[in-house]
Amino acid sequence: MYTFRTSLSAYVEGSWQQFNCDGCDTDVESWGFDGGLKYVLAESGTASPWVRAGLTLQQASVGDADGEWGVGLDSGVGIDWLLTERFALVPAIRFDFYEADDLTVTYLTIDLGAHWHLY
C-alpha cells in the first residue's frame, strides 16, 4: 500500500480463493491480483473506517483445467483498528466479480487481516 494523503492510499495485493460451484464436479480455484484506491472515511483515535474500489485480474481453474485470465471489479469496506501506534487489526468485507472464458465468478469475502505501519 502507498499512502498519498492521510485519507487516500493505493493498494496492490495477491489473492487466492477456493470454492465450490453449482454444476461443477470439482472445486474452483481462483488466483490473481487486485489493485485500486482505499479511502479512509474518518480517523478517530483507534478506529478508522474505510472503503476501497479497484480492478482485479484473476485466473480461474476448474479441476486440472486452467481458464483464461479475466478482468473484473474489486470493492470492500473495513476498519483499521489500531492496537499500538504501528500495528492494526483489519476486519473487512470484500466483493469481487470477474468473467473469464464462459465462467462468471462472483464472491463475497470476510477478511481479518493486520497492518504493520512503517512510519
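Is Thr 109 buried or exposed at 15% relative accessibility? Thr 109 counts as buried, because its relative accessibility of 15% falls under the 20% limit for that class. The residue belongs to strand β7, and, with residues up to four places away in sequence set aside, Thr 109 is in contact with Ala 92, Ile 93 and Arg 94. The model in which these values were computed is a predicted one.

**The chain as a whole**

The secondary structure of the chain consists of 7 strands and 0 helices, so that a reading along the sequence gives the pattern β-β-β-β-β-β-β. The C-alpha trace spans about 50 × 25 × 20 Å along its principal axes. Of the 119 residues in the chain, 32% are buried, and the chain exposes about 7600 Å², of which carbon and sulfur atoms supply 60%. When contacts between residues at least 6 apart in sequence are considered, 47% of them join residues that are at least 24 apart. The charged side chains number 5 positive and 18 negative, and the centres of these two sets lie 19 Å apart.

**The nonpolar core**

The largest nonpolar core has 6 residues, namely Val 28, Ala 60, Tyr 98, Ala 100, Val 105 and Tyr 107. Strands β6 (87–100) and β7 (103–116) each supply at least two residues of this core. In soluble globular proteins, nonpolar side chains tend to be buried together. Val 28, one of the core residues, is in contact with Gln 17, Gln 18, Phe 19, Cys 21, Ala 60, Ser 61 and Val 62 once its neighbours within four places in sequence are left aside.

| Residue | Relative accessibility | Class |
|---|---|---|
| Asp 96 | 0% | buried |
| Thr 56 | 1% | buried |
| Gln 18 | 43% | partly exposed |
| Ala 114 | 47% | partly exposed |
| Leu 108 | 60% | exposed |

Asp 96 lies in strand β6 and is buried, with a relative accessible area of 0%. Its side chain makes a polar contact of 3.1 Å with the side chain of Arg 94. Beyond its neighbours within four places in sequence, Asp 96 is in contact with Asp 34, Thr 56, Leu 73, Asp 74, Val 105, Thr 106 and Tyr 107; among these partners, Val 105 and Tyr 107 are also members of the largest nonpolar core.

Thr 56, which is itself a contact partner of Asp 96, has its place in strand β4 (residues 47–62). Thr 56 counts as buried because its relative accessibility is 1%, under the 20% limit. Not counting residues up to four places away in sequence, Thr 56 touches Phe 33, Asp 34, Gly 70, Val 71, Gly 72, Leu 73, Asp 74, Asp 96, Phe 97 and Tyr 98. Its side chain also makes a polar contact of 2.9 Å with the side chain of Gln 58. By C-alpha position, Thr 56 and Leu 118 are 26 Å apart in space and 62 residues apart in sequence.

**Gln 18**

Gln 18 is placed in strand β2 (residues 8–19) and is partly exposed at 43% relative accessibility. With residues up to four places away in sequence excluded, Gln 18 touches Asp 27, Val 28 and Glu 29. The side chains of Gln 18 and Asp 27 are joined by a polar contact of 3.3 Å, while the C-alpha atoms of Gln 18 and Glu 29, 11 residues apart in sequence, are 4.4 Å apart in space.

Leu 108 is found in strand β7, and Leu 108 counts as exposed because its relative accessible area of 60% is over the 50% limit. Apart from its neighbours within four places in sequence, Leu 108 is in contact with Ile 93, Arg 94 and Phe 95. From C-alpha to C-alpha, Leu 108 and Ser 75 are 9.8 Å apart, with 33 residues of separation in sequence.

Ala 114 also lies in strand β7, where it is partly exposed at 47% relative accessibility. Not counting residues up to four places away in sequence, Ala 114 touches Phe 87, Ala 88, Leu 89 and Val 90. The C-alpha atoms of Ala 114 and Asp 27 are separated by 28 Å, and the two residues are 87 apart along the chain.

How values were computed
Residues are numbered from 1 along each chain as its sequence is written. This is a predicted model: local features need pLDDT of at least 70, side-chain atom pairs count only at pLDDT 80 or more; totals for chains, interfaces and linings use all residues. Side-chain values use heavy atoms; hydrogens and water are left out. A nonpolar core is a set of buried Ala, Val, Leu, Ile, Met, Phe, Trp, Tyr and Cys residues joined through side-chain atoms within 4.5 Å. Buried means under 20% relative accessible area, exposed over 50%, partly exposed in between (1.4 Å probe, protein chains only). Helices (H or I, at least four residues) and strands (E, at least two) are DSSP runs, numbered from the N terminus. Contact means heavy atoms within 4.5 Å. Accessible areas come from the Shrake-Rupley method with a 1.4 Å probe; for residues, only the protein chains shown count as cover. Lys and Arg count as positive and Asp and Glu as negative; His and the chain ends are not counted. The place of a charge is taken as NZ of Lys, CZ of Arg, CG of Asp or CD of Glu. A polar contact is a pair of N or O atoms within 3.5 Å; within protein, one must be able to donate a hydrogen and the other to accept it, and residues adjacent in sequence count only if both atoms are side-chain atoms.
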